[in-house]
Amino acid sequence: MNAVAKKASWDEAYNFAYLDEQTKRMIRRALLKAVAIPGYQVPFGGREMPLAYGWGTGGMQVTASVIGPSDTLKVIDQGADDTTNAVSIRRFFKRVAGVATTEATEEASVIQTRHRIPEKPLKEGQVLVYQVPQPEPLRKLEPRETETRKMHGYAEYGLMHVRLYEDISRFGHIATTYSYPVMVNGRYVMSPSPIPKFDNPKMENNKAIQLFGAGREKRIYAIPPYTRVKSLDFDDHPFEVQRWPQACALCGARNSYLDEVVLDDKGGRMFVCSDTHFCADRQEKGHRGPMAADPAARAFARSSETSEQKEDDGR
Amino acid sequence: MYVAVKGGERAILNSHKLIAETRRGDGQVPELSVRQIGEQLGLAVDRVMTEGSVYDRELAALAIKQAQGDLVEAIFLLRAYRTTLPRFAVSEPIDTATMLVQRRVSAAYKDIPGGQVLGPTYDYTHRLLDFALAAEEGVGLPEAPEAEAPLDEGMPHVADILDHEGLIEEERPDSEGAEVFDLTREPMSFPAGRDQRLQNLARGDEGFVLALGYSTQRGYGGNHPFAGEIRMGEVSVEIVPEELGFAIDIGDVVVSECQMINQFEGSKEKPPQFTRGYGLSFGHNERKVMAMALVDRALRAREMGETAMYPAQDEEFVLYHADNVEAAGFVSHLKLPHYVDFQAELNLIRKLRQEHQDRLEKEAAE
Amino acid sequence: MSDGNPMLTAPDMEGLKPGFSEPVFEAQVAFRTVLNAMSYAGRVHALETKLDPPAPLDPAMAALALTLFDFDTPVWLDAAAADGGTPDFLRFHCGAPLVAALGEARFAVVADPSKMPPFDRFAIGEDRYPDRSATLLIQVPSLTGGPAMAWRGPGIDGATTVAIAGLPADFWAQWADNHALYPLGVDVVFAAGRALVGLPRGIQVEG
């Protein structure tokens, strides 16, 4: 890989990757500290981006500080490459950084995500950038930053355990299904961002570098590869992930996170992989789900297959 | 069939075309020019410049046109543009005592050195719709009569008059060379200094700051304020280029400024005296600067040794929620697909309901 | 930065070595390398650079400096780095303030580790802000030719053997004290020639 030799081509009305170099340096320094203190939220001088706060500005700033001309970028939202915001962010980086893009998880060197971790295990050297709306896992328990910072500083996490235990006494189990808090490297309680708890186990000992950017709240945090990441639980109520009685209607997968797709207003529905690339890849390899031949289901599948082509039309 | 938010590139591009068409409106009606907005919607421009943190009437007017008059959207456009600008220098503090005053009033004294200058204000207009403005032929070129005598050159601040008697807290400038907190480059930090608070309030949403200021008057705050002085006019901006070593004038800006005077009971160390709240905005925006001055004073509770009991005194609450670019972004992000998390919640609700049902059946069987 | 700092002489422009020829892209490559080095602690990461820095800086060390330093980062130089063209090089290309007080430095450039000051004289961060700690960039003769040590911690799958050369005798005893401060403590990047090894504070090192 020689990024300098490969000539970058982008919309030169803007700096490469939009941010000026001073801002990139500031973010890069924050990223290095974040990696050195896994799970700790590093404050950073977040900038206004040409995308609304809450729509991925933190992830975009991290991606912009990391990415180079030789990178290949994948952007997903809800696990899908073709959701509008994923398309919009991918277009942004095509324009301001001229990077190659892909939908294939294994081909991407940088993956920006909102709400999911790809099903396919990541490799060493890949960077997974999470968009984070609320980086503070304790915020719902304590609205004040001055207080939550103290709680992290002294590792006072009793309140969080009490909250989870209240669920157990009320419902018989912990009623948190996404943004399920994790303990990183035995020290910091961290928000995994609003991924479903189904994805939590993938964070532990991942081979890739996991970076988290919260633009509005101006925080960056990280999980280096091969790091302990435990979902909070109790001995008598161990952490569990979601399971579905159904297999994916299109590719038949039984081990992926499924979205419920409403097919009509008479209760018709199907369950399909939220990770669109994972699902398409399986179908290409000949895997078939129970509704793979159904016209309505096939219409649904097509909308994701053609997204790359549509994007090229728009350039 | 219904396919959620899978639309992709073409839908986005078509949406952009549709918004361009809607923005233009009826083609029979002449298109609005950016100059017209700058000249005839000047107060909107002033607000967008203030909260957008860029003093440029033309860019602000362009943002208003592009945003179809949605000022919060226009502020966002200007802020995003601002991010891409290099920083050449930090200006010297502006001196509002040397302002070329267009308007200046004090509610604390009947008359003041330099006089009360009513200037352009809607205050005493009767709020009756003026149908003359709706006439096809327009209003022509209205002219105000020129004053018989020019205004005094020096217009001391009203607060300085109290200062001579020691009746009001001293206003101490920061020590020479002390760096001013810059919210556009550093994350919020607490406890916040007054520089950080004032910068936040100046950029803060006018409606939010207004409501908070109002709340301090209604009882969610203990101070009785007097509008010591409100002034609006031109001040010059100076920078000291590294290679010259002395200040040079780089242009003029119009600003509005408000000094609120508030009572203070005094403490063990300090005798009773008046205290200050301060507000400043680009352009002409008295509503904003007055509200800002009220909230500034409320936020000084800690340094005054007052108990912070009300929303306007709670600096984390005020500072974290004042920015409408942040607020609008986060509220609007709920429009993004959340179906993965919603699916997780669906699963949970179904499971909880099943468990509930099982329990009832079991109880009934017993 | 105080007046009268002997480091604050006007740059001698004649002898000034050039910085990055393509700052945007070379800085990006160097950053990715150091990000990888800090993430996959203990591994040797090659850093592609054509830099020809002033003595005693190796190309990897100089690339780190040009990538991470600017006017927001006070930098401390050890005696070996402060001698020669390095101070002017860093001032001119990075605009970084050079400081004499170790505790004020965000970064330290150590060109002669045998004489390096103890870790605890650098900023170790605060309970609520452990990120406010120094990063020590330590140039060593070799990243593979020293005594073999076992490294464990975040970024390492189990344990790995690392053999940094040229460190003072008490270095690893000091590191154990630094690691015990976790989540406080300094972070280290070792540089030699055109390669880097990261040693973040969370890594435990045993002989």
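On the side of chain C that touches chain A, α1 (23-39) and α2 (59-68) of chain C each contribute at least two residues, helices being DSSP runs of H or I with at least four residues, numbered from the N terminus. The largest share of that side, 14 residues, belongs to α1(C). Sorted by class, the side comprises 22 nonpolar, ten polar and 14 charged residues, with Ala, Val, Leu, Ile, Met, Phe, Trp, Tyr, Cys and Pro taken as nonpolar, Asp, Glu, Lys and Arg as charged, and the others, Gly among them, as polar.

The model is predicted: local features need pLDDT of at least 70 and side-chain atom pairs count only at pLDDT 80 or more, whereas totals for chains, interfaces and linings use all residues. Residues are numbered from 1 along each chain as its sequence is written, chains are lettered from A and ligands numbered from 1 in the order in which they are written, and side-chain values use heavy atoms, without hydrogens and water.

In total, 46 residues from chain C and 51 residues from chain A take part in this contact, defined by heavy atoms within 4.5 Å. Chain C and chain A bury about 3,900 Å² between them, 60% of it on carbon and sulfur atoms; buried area is the accessible area (1.4 Å probe) lost when two parts are put together, summed over both. Five salt bridges cross the interface of chain C and chain A, each a side-chain nitrogen of Lys or Arg within 4 Å of a carboxyl oxygen of Asp or Glu. One of them joins C:D187 to A:K33, at 2.8 Å from N to O.

The interface of chain B and chain A can be read in the same terms. Here 49 residues of chain B contact 68 residues of chain A, and about 4,900 Å² is buried between the two chains, 57% of it on carbon and sulfur atoms. Polar contacts link 23 residue pairs between chain B and chain A, both residues at pLDDT 80 or more. The elements giving two or more residues to the side of chain B that touches chain A are α1 (8-24), α5 (71-83), α11 (315-321), α12 (324-332) and α13 (339-365) of chain B. Of these, α13(B) provides the largest share, 13 residues.

Methods: A polar contact is a pair of N or O atoms within 3.5 Å; within protein, one must be able to donate a hydrogen and the other to accept it, and residues adjacent in sequence count only if both atoms are side-chain atoms.
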